[in-house]
Amino acid sequence: MYRFRRLRRDERVRAMMQETRLHPKDFIYPIFVIEGEKIRHPVESMPGVFQYSIDCLDEILEQVKAADIGGIMLFGIPQYKDSQGSQAYAQDGITQRAVRFIREKYPEIYIVVDVCLCEYTSHGHCGMVCGEEILNDETLPYLVKMAVSLAEAGADMVAPSDMMDGRVAAIREGLDRAGFTQVPIMAYSAKFASAYYGPFRDAAHSAPGFGDRKSYQMDCANGQEALREIRADIEEGADLVMVKPALAYLDVLKEAALTFAMPLAVYNVSGEYAMVKAAAANGWIDERRIVLENLTAMKRAGAKIIITYHALDAVRWLR
Ligand code: PBG
Ligand code: ZN
């Protein structure tokens, strides 16, 4: 009989034997920026998460700075929406202005920006629409314009989340042509059409006005297709590839880690966060232990970067 328990005997030896360790730099913290002034509006389905107007961002940015995490992921919520999502790539769009503000005042914070049209389109879809159809190739130039305008504003990294085919190649070419050869692309490569995005769509005002996202996001049943999506994005020039959501897709993440020698990101999404917060609020689980267990599992499965609303809490608990 081999005695596994010899290396579990006390805290000192357990600490030494730990294979996976979380670090503040593992985390990217999503922030919602809304048009207007003096707004710090709680997102009801995501306790602890707020929409901030630019003038109210300091509070959260100071926390991010103190936590010394890897970076932030910005989502803009414009006042004005139209069928082409023109505020997504407007020079003075809410997201561009937020990036400029943060870049200027917090040069130490690494800014990733989500590149997608759904927060900006009147129909709430991630691409151009014709009738009930979500157009692919017609959408690409708009995504390129958005990515370039955010790089111009000072974004460190862009993260296309739209799931149109060919967008990574198009964005890479557009960034390079505009002189942003050094801006990396984190591709939402295996992004599943998931019920776990529900709370986010309240937070970002981005629910589709008709139909669903199943003609562009992936079927949760498909693991092989996820690997093909990831391979395609790598070939198109992605610098990092992402699996999203996290917990129900750790098999996909693990398989990607074993298949590709690439930095992997995982997105611990709004619905995953909401479930933990709801159970914790009821006293049914130990929030701290559950969160650290979940995040450790994501890293153990192969994530280099974890995008999570728990980031600031996790850093406090790790210290
Ligand atoms: C925009 C986008 C979504 C999320 C990240 N970027 C929503 C969606 O695709 O409907 C989800 C994030 C979350 O649920 O926390 N395309
Ligand atoms: Zn979208």
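Predicted model: local features only at pLDDT ≥ 70, side-chain atom pairs only at ≥ 80, totals over all residues.

Me: How many cavities of 30 Å³ or more does a search of the whole structure find?

Reply: The search finds 2 of them. The largest cavity has a volume of about 150 Å³. It is lined by 19 residues, and Ser-161, Lys-191, Tyr-197, Phe-200 and Lys-244 are the closest to its centre.

Me: What classes of residue are in that lining?

Reply: The lining of the largest cavity has 9 nonpolar, 4 polar and 6 charged residues.

Me: Where does ligand 1 sit?

Reply: Ligand 1 sits in that largest cavity. Two elements each give two or more residues to the shell around ligand 1: strand 9 (186-191) and helix 6 (198-203).

Me: Which residues come nearest to ligand 1?

Reply: There are 19 residues around ligand 1, and Lys-191, Arg-201, Lys-244, Ser-270 and Tyr-309 come nearest. By class, this shell has 11 nonpolar, 3 polar and 5 charged residues.

Me: And which oxygen or nitrogen distances can you give me for ligand 1?

Reply: A nitrogen atom of ligand 1 is 3.1 Å from an N or O atom in the side chain of Ser-161. An oxygen atom of the ligand lies 3.0 Å from an N or O atom in the side chain of Arg-213. For Gln-217, a polar side-chain atom is 2.9 Å from an oxygen atom of ligand 1.

Me: How much of ligand 1 does the protein bury?

Reply: Taken alone, ligand 1 exposes 410 Å², and the protein buries 100% of that.

Me: New topic: how much space lies in the largest pocket?

Reply: About 310 Å³. Its lining is made of Gln-18, Glu-19, Thr-20, Arg-21, Leu-22, Leu-292, Thr-296, Arg-300 and Leu-318.

Me: Which element gives the largest share of that lining?

Reply: Helix 10 (residues 287-301) does, with 3 residues. By class, the lining of the largest pocket divides into 3 nonpolar, 3 polar and 3 charged residues.

Methods. Residues numbered from 1 in each chain as written. Chains lettered and ligands numbered in written order. Heavy atoms only, no water. Near = heavy atom within 4 Å. Polar contact = N/O pair within 3.5 Å; in protein donor to acceptor, adjacent residues only side chain to side chain. Areas by Shrake-Rupley, 256 points an atom, 1.4 Å probe, with all protein chains shown as cover. 1 Å grid on protein atoms, 1.4 Å probe; cavity = no way out; pocket = protein on both sides within 12 Å on 5 of 7 lines; lining within 4 Å. Sits in = over half its atoms within 2 Å of the grid points. Helix = DSSP H or I, 4+ residues; strand = E, 2+ residues; numbered from the N terminus. Nonpolar A, V, L, I, M, F, W, Y, C, P; charged D, E, K, R; others polar. Points joined across faces, edges and corners; volume = space filled by probe spheres on them.
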